[in-house]
Amino acid sequence: MKQTFQRYPDLESYLERTAHAIISLVETYSVLSYGCLTLDDFSKKYSTIELITILKKGLWEQDYDKISEIVDFIYSTNKEYAEKTLIYFLPLEMIENPRVKFDNLEGMKIHGNKEEIITTYPLSSVEDFLVREKGETIAGAEMKELFPLPPTEFFWNEFVENIPLIEKWTKEYPFQHAANPDYFKAVNRLLYFPRLLYSIKEKGVIGKTNVVYWFSSEFHNDISDFVVEVGVSRKKDLPLVNILDVEEKSMKLLDFCMKEILTSHKAVSYTHLTLPTN
């Protein structure tokens, strides 16, 4: 996280104070980070601060007030970071039994000031991979090896599961015109496709900044130029408003990446995903 901390000098102390508040208020084995932070690719405008708390036991009614205290504390520490913070509070038993729906074991997900009780293991196979391979312990014991081992072809499996979501995206900005575009979602959705292609081809995960470098060195065309423009917007915390013909270029990027993904996986057809016409 070296480059991230150089770019945002107050982030390291925010993470340390957040972890200290957690271990002070709930019975915890470990607090670890994953995602953009540990890929050293965090952007204050476009990223989420992703943390996992491994609990010694399930949460009870009295613990919910303590978690609300944690939320209040991190908001008082740094409201801007707090609004971007996602924390899973996961009992160790839930991590060790990821396919079980529990009747008497509860964890919690907080994102900003929203709290949600969870009774099943919430992470995807790709997130498990990120935790196991790139997770970093902020406080407590090293326990990332206890997270589920992803199955074979998990990148491909997750892509197939996300096809309905991708179809939904194609009906929204940046693939279609919008009167009030959500630039946060747009930048992340656009860079999702080069990252997905990288994962399918290289069997790994890299940050959004590094995937721009990879894509531009792997492919030499106008689509690569557009990916660089999006990457620069993200790196400089800028919206996409300064890029011309975003909708047209976005559709070209999507089409190109999908064909490359299916070619890389030796897929038979490209017909199961219906794309809108401009």
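User: Leaving aside neighbours within four places in sequence, which residues is F215 in contact with?

Analyst: This is a predicted model. Contact here means heavy atoms within 4.5 Å. By that test, F215 touches P194, L197, I223, S224, V227, L253, F256 and C257.

User: Which residues touch the most other members of the largest nonpolar core?

Analyst: F215 is one of them, along with F159, F193, W214, V230, L240 and L253. That core has 45 residues. Helices α6 (125-134), α7 (154-161), α8 (163-169), α9 (183-202), α10 (208-218), α11 (222-235) and α12 (246-264) each give it two or more. There is also a second, separate core of 28 residues, with M1, I22, I70 and F89 among them.

User: How do I read a helix pair? At what angle do α6 and α7 cross?

Analyst: Take the axes, then the residues that meet. The α6 and α7 axes cross at roughly 145 degrees and come within 9 Å. From α6, S125, V126 and F129 meet F154, F155 and E158 of α7. By class, four residues of this contact are nonpolar, one is polar and one is charged.

User: And pockets? How much space lies in the largest one?

Analyst: Rolling a probe the size of a water molecule over the atoms shows where empty space is left. Here the largest pocket holds about 1300 Å³.

User: Which residues lie nearest its centre, and which element supplies the largest share of the lining?

Analyst: E50, E127, Y192, R195 and K208 lie nearest the centre, out of 33 lining residues. Helix α9 supplies the largest share, eight residues. Strands β3 (85-91) and β4 (107-111) each supply at least two, as do α6, α7 and α8. The lining divides into 17 nonpolar, eight polar and eight charged residues.

How values were computed
Residues numbered from 1 in each chain as written. Predicted model: local features only at pLDDT ≥ 70, side-chain atom pairs only at ≥ 80, totals over all residues. Heavy atoms only, no water. Core = buried A, V, L, I, M, F, W, Y, C linked by side-chain atoms within 4.5 Å. Buried < 20%, exposed > 50% of the residue type's maximum accessible area, 1.4 Å probe, protein only. Helix = DSSP H or I, 4+ residues; strand = E, 2+ residues; numbered from the N terminus. Axes fitted to C-alpha atoms, helices over the stretch in contact; angles between N-to-C directions. Nonpolar A, V, L, I, M, F, W, Y, C, P; charged D, E, K, R; others polar. 1 Å grid on protein atoms, 1.4 Å probe; cavity = no way out; pocket = protein on both sides within 12 Å on 5 of 7 lines; lining within 4 Å. Points joined across faces, edges and corners; volume = space filled by probe spheres on them.
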